[in-house]
Amino acid sequence: MDPINILVGINLIVSMFANASGAKKGFKKKISGIVEKPNTYLQKIPPNVSALILILIVLSIFGIGNLEASKTNQEMFWRIGGLLIFIVFSTLEVKAFKTLGQFYTQDVAVLKGQSLITTGYYKIIRHPQYLFQVISDIGAGIALQSYFVIPVVILIELPLFVLRAKKEEELFAKHFGEEFKSYKKLSGFFLPFI
């Protein structure tokens, strides 16, 4: 098996274990503790698309859905660059979700006693977890030379994450009022200062 594919697989496993504790907390919050949760397709479709991308990445690790490898210097440069992007941004994604701490949930929702998180990456970007996931997925697609992963990320996952983030902002504006308005002025939506 290709060494880059192996490294992508190792990083994927490490990231999944790092996210496992957050998933458990998210499940517990789903059972109790939700103040408001809008009924929208954005609750289920984006996470299901992310699961599909995960499956496509796993298939690509085993050579299914990849371009034919030619091992040229330029190709290896792109693949190593993609691997580094995947490792860095999947690590940043885990740190972003850990910053949310007890207020992490897999749903678009406001939890009992929730406060607005404006520290860490959230100080300059309102939705760093979504941004980092999209970039890490693209990095994995480049590293694996997957002709399935990159189009699904760009054409489906990214637009759904933008819509989901906008829905979260509607909910937070309603729940946090002026505090959220002030925060919005000081932070970028997906990119800093934009």
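1. Burial. In this predicted model, buried residues account for 45% of the 194 residues in the chain. Among contacts between residues at least 6 apart in sequence, 83% join residues that are at least 24 apart.

2. Overall fold and dimensions. The chain contains six helices and two strands, and their order along the sequence is α-β-α-α-β-α-α-α. The radius of gyration of the chain is 18 Å, close to the 16 Å that the globule rule gives for 194 residues, so the chain is as compact as a globular protein of that length. Along the principal axes, the C-alpha atoms fill a box of roughly 55 × 35 × 25 Å.

3. The pairing of α2 and α5. Helix α2 covers residues 45–61 and helix α5 covers residues 149–176; their axes come within 10 Å and cross at roughly 160°. Because angles over 145 degrees count as roughly antiparallel, α2 is roughly antiparallel to α5. The crossing of these two helices, α2 and α5, is left-handed.

4. Residues at the contact. On the α2 side, the residues that meet α5 include Ile 45, Pro 46, Val 49, Leu 52, Ile 53 and Leu 56. On the α5 side, those that meet α2 include Val 149, Val 152, Ile 156, Glu 157, Leu 160 and Arg 164. By class, this contact of α2 with α5 has 14 nonpolar, two polar and two charged residues.

5. Ala 51. This residue lies in helix α2. Ala 51 has a relative accessible area of 35%, so it is partly exposed.

Technical notes
Residues are numbered from 1 along each chain as its sequence is written. This is a predicted model: local features need pLDDT of at least 70, side-chain atom pairs count only at pLDDT 80 or more; totals for chains, interfaces and linings use all residues. Side-chain values use heavy atoms; hydrogens and water are left out. Axes are lines fitted to C-alpha atoms, for helices over the stretch in contact, and angles run from 0 to 180 degrees between N-to-C directions. Helices (H or I, at least four residues) and strands (E, at least two) are DSSP runs, numbered from the N terminus. Angles under 35 degrees count as roughly parallel, over 145 as roughly antiparallel, 65 to 115 as roughly perpendicular and the rest as oblique. A crossing is left-handed if the near helix is turned anticlockwise from the far one by less than a right angle, and right-handed if clockwise. Contact means heavy atoms within 4.5 Å. Ala, Val, Leu, Ile, Met, Phe, Trp, Tyr, Cys and Pro count as nonpolar, Asp, Glu, Lys and Arg as charged, and the others, Gly among them, as polar. Buried means under 20% relative accessible area, exposed over 50%, partly exposed in between (1.4 Å probe, protein chains only). The radius of gyration is taken over C-alpha atoms; the globule rule is 2.2 Å times the number of residues to the power 0.38.
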